[in-house]
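Here are a few friendly notes to read alongside the structure. Please keep the 3D view open and find each element as you go.

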Amino acid sequence: MGAKKKIWFWVIVTLQVIFVLKMVHDTYFNDRWATRYNVRSRETVVKNINYALKSNDFSGTALVIRNHKVLLHKGYGQQNASRKNGVDTLYNIASIEKSMTSVMVAKLIQEGKLDYATKLAEFYPSIPNAKNITIRNMLTMTSGLEAASDPEKTLSEKALANYYAKHVVVDPRKGWDYDAINFHLLAGIITQLTHQSYSASFNTLVNLKNQVM
C-alpha cells in the first residue's frame, strides 16, 4: 500500500471511530447524565403540568405525586354551572371500577381463596347455567350473562348483587358480550369472600399505601 493510500486509510478509520464515539455519547452518556443531573425543580414541573392542563381545558381533579410527595393537587374546570371542581369533588368512575374489581379477583386468586376456574354456582347457585360459568368467563364477559333489568332505586352493595342474581338471562351460545352484570356479580363474590364492603375489600386486598411508587 502506498504512502498516500495509507494516510487516507487511517483518515477514514479515524473519522469512523469519531463518528461511532459521537453516536455513543449522544445516545447514552447525554441521556444518562441528563437523567441524573438535569432534573427540573418541583416548581418548574408544577408550572408545566398546570399550564398543560389549563391550556387543554382539562376538567377534573389532578393529583401528581413524585417520590411519595404531592407535587400538585388541584381542581380544574366546572363541576356544574355554579361550582368549580376542587380536590374534594366526587366523580362517577363508571367502568373504571371494572379494573379495580379485576385486580381484587386476581389478589384473591393469588391468596388461594378463588380460582379462574371457580364456578359461579358456588356463590349464586340460582342463576341458570351457573355451574358452567367460571370466574374467567365473567372477567372476559364470555359468560352469556345479561341483565334482564336494572334497579330503579339505589341499593346497597349486597342488595344490588342479589338483584342482578334474580334479574338475569343466560345465553351460553352468545360468546363475548359486554354486560356489566358480570362485574356486579364479581363484586358480590368479592364481598362474600372478604366479609367486608367493596371499598374495605379494596383497601385490604390492594392496600395502595404500601405499594412502591
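**Notes on helix packing, a hairpin and confidence**

1. Let's begin with a pair of helices in this predicted model. Helix α3 (residues 96-110) packs against α6 at an angle of about 40 degrees, and the two axes lie 10 Å apart. Angles under 35 degrees would count as roughly parallel, so α3 is oblique to α6. The two helices cross in a left-handed way.

2. Which residues make this contact? From α3 come K98, T101, S102, M104, V105 and L108, while α6 supplies F183, L186, A187, I190, L193 and T194. Sorted by class, the contact of α3 with α6 has eight nonpolar, three polar and one charged residues.

3. Next, look at α5 and α6. Helix α5 (residues 157-166) packs with helix α6 (residues 181-194) at an angle of about 130 degrees, with 9 Å between their axes. Angles over 145 degrees would count as roughly antiparallel, so α5 is oblique to α6. Here, too, is a handedness to note: α5 passes α6 in a left-handed crossing.

4. On the α5 side, the residues that meet α6 are E157, L160, A161, Y164 and A165; their partners in α6 are I181, H184, L185, G188 and T191. By class, this contact of α5 with α6 has six nonpolar, three polar and one charged residues.

5. Now to the strands. How many bridges join strand β1 to strand β2? There are seven, between β1 (residues 60-66) and β2 (residues 69-76), and the two strands run antiparallel. As a landmark, find I65, which stands opposite V70 in β2. β1 and β2 form a hairpin with two residues between them, and N67 in the turn has a positive phi of about 55 degrees.

6. Finally, a word on confidence. The protein has an average pLDDT of 83, and 77% of its residues score at least 70.

Definitions and conventions. Residues are numbered from 1 along each chain as its sequence is written. This is a predicted model: local features need pLDDT of at least 70, side-chain atom pairs count only at pLDDT 80 or more; totals for chains, interfaces and linings use all residues. Side-chain values use heavy atoms; hydrogens and water are left out. Axes are lines fitted to C-alpha atoms, for helices over the stretch in contact, and angles run from 0 to 180 degrees between N-to-C directions. Helices (H or I, at least four residues) and strands (E, at least two) are DSSP runs, numbered from the N terminus. Angles under 35 degrees count as roughly parallel, over 145 as roughly antiparallel, 65 to 115 as roughly perpendicular and the rest as oblique. A crossing is left-handed if the near helix is turned anticlockwise from the far one by less than a right angle, and right-handed if clockwise. Contact means heavy atoms within 4.5 Å. Ala, Val, Leu, Ile, Met, Phe, Trp, Tyr, Cys and Pro count as nonpolar, Asp, Glu, Lys and Arg as charged, and the others, Gly among them, as polar. Two strands pair if DSSP finds at least two bridges between them. pLDDT is the predictor's confidence in each residue, from 0 to 100.
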